[in-house]
Amino acid sequence: MEGWDPNTKSTLTQIPLLSTKAGPRDGAAWTQRLKEEYKALIAYTQMNKSNDNDWFRISAANPEGTRWTGKCWYVHNLLKYEFDLQFDIPVTYPATAPELELPQLDGKTQKMYRGGKICLTVHFKPLWAKNCPRFGIAHALCLGLAPWLAAEIPILVDSGMIKHKDDVSGSSES
């Protein structure tokens with residue numbers, strides 16, 4: 001954690017670490033892992049809300065907890081940009097991090113793979129591997145998606161690649 005800003009360190013230390021090393025094919029152990037995932041997500045969400053830093057909503061899209069969907073948003077120049085968020089839990093989870101997808105941004109930045117999967121290879125994947133199985137979905141959002149949004153959204157807005165929803169509707173009325 002050396003080299004991280006104090007705010008990131010503080011946030012990360014408040015997200016509970018997970019202990020069950022289980023993936024979707026591991027039956028009862030996966031159910032235990034999902035419980036840990038939910039506890040960590042609830043703690044992270046509550047912490048964000050208490051710090052007035054609420055920026056995502058996600059939930060399992062299937063009973064098995066292998067498909068997740070939701071929304072994430074980023075505020076730039078006092079305007080809120082909201083995006084669909086989705087990902088699947090890989091069968092090799094937790095050894096393999098989930099690939100977070102923002103389908104609306106597919107093809108708008110070089111730091112993204114086909115289908116809107118954000119690029120996390122250089123910085124995040126080694127960190128995930130080093131912390132397996134202690135890291136989970138909440139950690140992927142905190143250390144993967146949050147910094148990606150902070151780095152990419154201002155550039156996409158300033159370059160005109162994405163527009164605020166009010167700008168889009170306002171320009172069509174003119």
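Let's start with the charges: the count comes to seven salt bridges. Keep in mind that this is a predicted model. I'll take three of those pairs, then turn to the sheet and the helices.

Why would such pairs form at all? Side chains of opposite charge can pair when their charged atoms come close.

First on my list, Arg57 with Asp54. Their side chains meet in a salt bridge, N to O at 2.8 Å. Arg57 is partly exposed, at 38% relative accessible area. Asp54 is partly exposed too, at 27%.

Next, Arg67 and Asp88. This is a salt bridge with the closest N and O atoms 3.0 Å apart. Which elements does the pair link? Arg67 sits in strand 2, residues 67–76, and Asp88 in strand 3, residues 79–88. So the pair ties together parts that are 21 residues apart in sequence.

Then Lys117 and Glu99. Here the closest N and O atoms of the salt bridge are 3.2 Å apart. Lys117 belongs to strand 5, residues 117–118. Glu99 is in the loop between strand 3 and strand 4, the latter being 112–113. The two residues therefore tie together parts 18 residues apart in sequence. Lys117 is partly exposed, with 26% relative accessibility. Glu99 is partly exposed as well, with 36%.

Now the sheet. Strands of a sheet pair through backbone hydrogen bonds, either parallel or antiparallel. Which is it here? The pairing is antiparallel, in an open sheet of three strands ordered 1-2-3. Strand 1, residues 56–60, and strand 3 stand at the edges. Each has a single partner strand, so one side of each is left without a neighbour in the sheet. On average, neighbouring strands are turned by 10° against each other, ignoring direction.

How many bridges join strand 2 to strand 3? There are 10, and the two strands run antiparallel. As one example, Lys71 has Asp84 in strand 3 as its bridge partner.

On to the helices. Helix 2, residues 28–50, packs on the sheet and touches strand 1 and strand 2. Its direction makes about 165° with that of strand 1. Helix 4, residues 137–158, lies across strand 1, strand 2 and strand 3. Against strand 2, helix 4 runs at about 45°.

To recap: strand 2 and strand 3 are joined by 10 bridges, and Arg67 and Asp88 form a salt bridge between those strands.

Notes: Residues numbered from 1 in each chain as written. Predicted model: local features only at pLDDT ≥ 70, side-chain atom pairs only at ≥ 80, totals over all residues. Heavy atoms only, no water. Salt bridge = Lys/Arg side-chain N within 4 Å of Asp/Glu carboxyl O. Buried < 20%, exposed > 50% of the residue type's maximum accessible area, 1.4 Å probe, protein only. Helix = DSSP H or I, 4+ residues; strand = E, 2+ residues; numbered from the N terminus. Pairing = 2+ DSSP bridges. Axes fitted to C-alpha atoms, helices over the stretch in contact; angles between N-to-C directions. Contact = heavy atoms within 4.5 Å.
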